[in-house]
Amino acid sequence: MKLAEIFEKVIGPQADIRFAAYDGSKAGPPNADISIEVKSPAAVAYLAQAPGELGLARAYVSGHLDVQGDMYNLLSRMWSLTINDIPTSEKLAAVRALGIKPLLMRVPPPPQEVRRSMLAKMGSRHAKQRDAEAIHHHYDVSNRFYEWVLGPSMAYTCAVFPSEESTLEEAQHAKFDLVAKKLGLKPGMRLLDVGCGWGGMVMHAAREYGVKGLGVTLSRQQAEWAQKAIAEEGLGDLAEVRHMDYRDVKESGFDAVSSIGLTEHIGKEQLPFYFRFLYDKLKPGGRILNHCITRPTGTEKTINAGGFINRYVFPDGELESVGYLARQMEDLGFEIRHEENLREHYAQTLRYWCANLDEHWDEAVEEVGQGTARVWRLYMAGCVVGFERNKIQLHQILGVKLDAQGAAHMPLRPSVDWP
């Protein structure tokens, strides 16, 4: 059995993908719109060491495996195909065809992969130093790189598309405005935005609503970019972004708290502390809007420590179900007032980001290197498929801290401009 035939069996002959390998072998339909080239024995070694998703990702990120064609279409076709689907007899035949040498060849993971041993030296999962390193790995890639991928809004969270024709910038503005309306922001209020990214929410609250906003982020590059943007917009009297852990915020008595894309980094065991901390930061009658990626049910694992996303994109990231999050909020004292799933919106957001990366591919490779650019291409295209097929979801949960008499200080119905 030739190499191209082996890889065709791993990915699935029904995937309509053309294969070529360094041994001269070819497989798959010659006119397929997607092709995979196995460029060296290292690609075979990666797959032997980590059969399936992680091995294929290592081979692609390191450049020992190339893809020609649309990454989204490739991953969509491969969605349900893994090496575990191959009958044992064919696995043994593949091993015999490869010979023992590539299977014994030890190749280190690409440098873009986070070593679990390195994280372990920084404490238990979600200790402050370890969280800081995990955030640094993902968010301190390059502000210029993020500008190319995210566009002018610099919003690295799910947008909300008012219509199918909405641009990414219109949808990100709509997302921030939806959060503001759910929180009932008004001039003179104080907002705490935890995990604030590049400051989009605090700047929107200050510019559009006259709200005094404090944003905090563990990414130094994000904080520096946001502080400069705030100054350039002349919002310094109202908006502030600090480079710090949300757990170190001393102020309290906020009218509202927004958490947009932070809960994924908190961890299941830390959720009670997280929601209690935010509860204590609010005035009675204050609202919280928690916006985060979730699992579709409570039956899946919250973390896949050996998966591509955890090793390359979000170290220590954990996803819960929306029901679990709502229960944690309720148990800590919040009354849940509204919840919605924006799953399709995140798929559309990611399509824009994928297109932006492709448009700036050469500059991105020059800025961050081919390996990192490949991580992002693979990760974002895979997430489009995940949101489309309900492997992951995006939920907004609105809660309120009742006053001593049990009053929520909420209108009987949302205002007409809260879509």
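Modeller: Strand S1 (residues 18-21) and S2 pair in the antiparallel sense, over two bridges. Please keep in mind that this is a predicted model.

Colleague: Which residue of S2 is the bridge partner of phenylalanine 19?

Modeller: Phenylalanine 19 has alanine 27 as its bridge partner in S2.

Colleague: And what is the order of the strands in that sheet?

Modeller: The order is S2-S1-S3-S4, in an open sheet of four strands with mixed pairing. Strand S2 (26-27) and strand S4 (65-68) are the edge strands, each pairing on one side only.

Colleague: Which helix packs on the sheet?

Modeller: Helix H1 (residues 3-11) does, touching S1, S2, strand S3 (35-38) and S4. The direction of H1 makes about 140 degrees with that of S1.

Colleague: Let us step back to the whole chain. How many helices and strands does the chain have?

Modeller: There are 18 helices and 11 strands. Of the 419 residues, 55% count as buried. The chain exposes about 18400 Å², and carbon and sulfur atoms supply 51% of that area.

Colleague: What about contacts between residues that are at least 6 apart in sequence?

Modeller: Of those contacts in the chain, 72% join residues at least 24 apart.

Colleague: Now to S8 and S9. Do they run parallel or antiparallel?

Modeller: S8 and S9 run parallel and are joined by six bridges. Isoleucine 260 stands opposite histidine 291 in S9.

Colleague: How many of the 13 residues of S9 are buried?

Modeller: The count is 11 of the 13, so S9 is largely enclosed by the rest of the structure.

Colleague: Helix H13 comes next on my list. Which of its residues are buried?

Modeller: In helix H13 (residues 271-281), the buried residues are Leu271, Tyr274, Phe275, Phe277, Leu278, Tyr279 and Lys281.

Colleague: And what covers the buried residues of H13?

Modeller: The cover includes strand S5 (190-194), strand S8 (254-260) and strand S9 (282-294). It also includes helix H15 (322-331), strand S10 (334-341) and S11.

Colleague: Changing topic: at what angle do the axes of H16 and H17 cross?

Modeller: The axes of helix H16 (residues 343-359) and helix H17 (residues 361-368) cross at roughly 80 degrees and come within 5 Å. H16 is therefore roughly perpendicular to H17.

Colleague: Which residues make the contact?

Modeller: H16 contributes Leu357, Asp358 and Glu359, while H17 contributes Trp361, Glu363 and Ala364. By class, the contact of H16 with H17 has three nonpolar, no polar and three charged residues.

Colleague: One last topic, the backbone angles. What is phi of asparagine 390?

Modeller: Phi of asparagine 390 is near 60 degrees, a positive value in a residue other than glycine. Asparagine 390 lies in the loop between helix H18 (370-388) and strand S11 (393-401). With a relative accessible area of 32%, asparagine 390 is partly exposed.

Colleague: And where is histidine 409, which also has a positive phi?

Modeller: Histidine 409 is in the segment after S11. Its phi is about 55 degrees, although histidine 409 is not a glycine.

Colleague: Is histidine 409 buried or exposed?

Modeller: Histidine 409 is exposed, with a relative accessible area of 52%.

Note on methods
Residues numbered from 1 in each chain as written. Predicted model: local features only at pLDDT ≥ 70, side-chain atom pairs only at ≥ 80, totals over all residues. Heavy atoms only, no water. Buried < 20%, exposed > 50% of the residue type's maximum accessible area, 1.4 Å probe, protein only. Contact = heavy atoms within 4.5 Å. Areas by Shrake-Rupley, 256 points an atom, 1.4 Å probe, with all protein chains shown as cover. Axes fitted to C-alpha atoms, helices over the stretch in contact; angles between N-to-C directions. Parallel < 35°, antiparallel > 145°, perpendicular 65-115°, else oblique. Nonpolar A, V, L, I, M, F, W, Y, C, P; charged D, E, K, R; others polar. Pairing = 2+ DSSP bridges.
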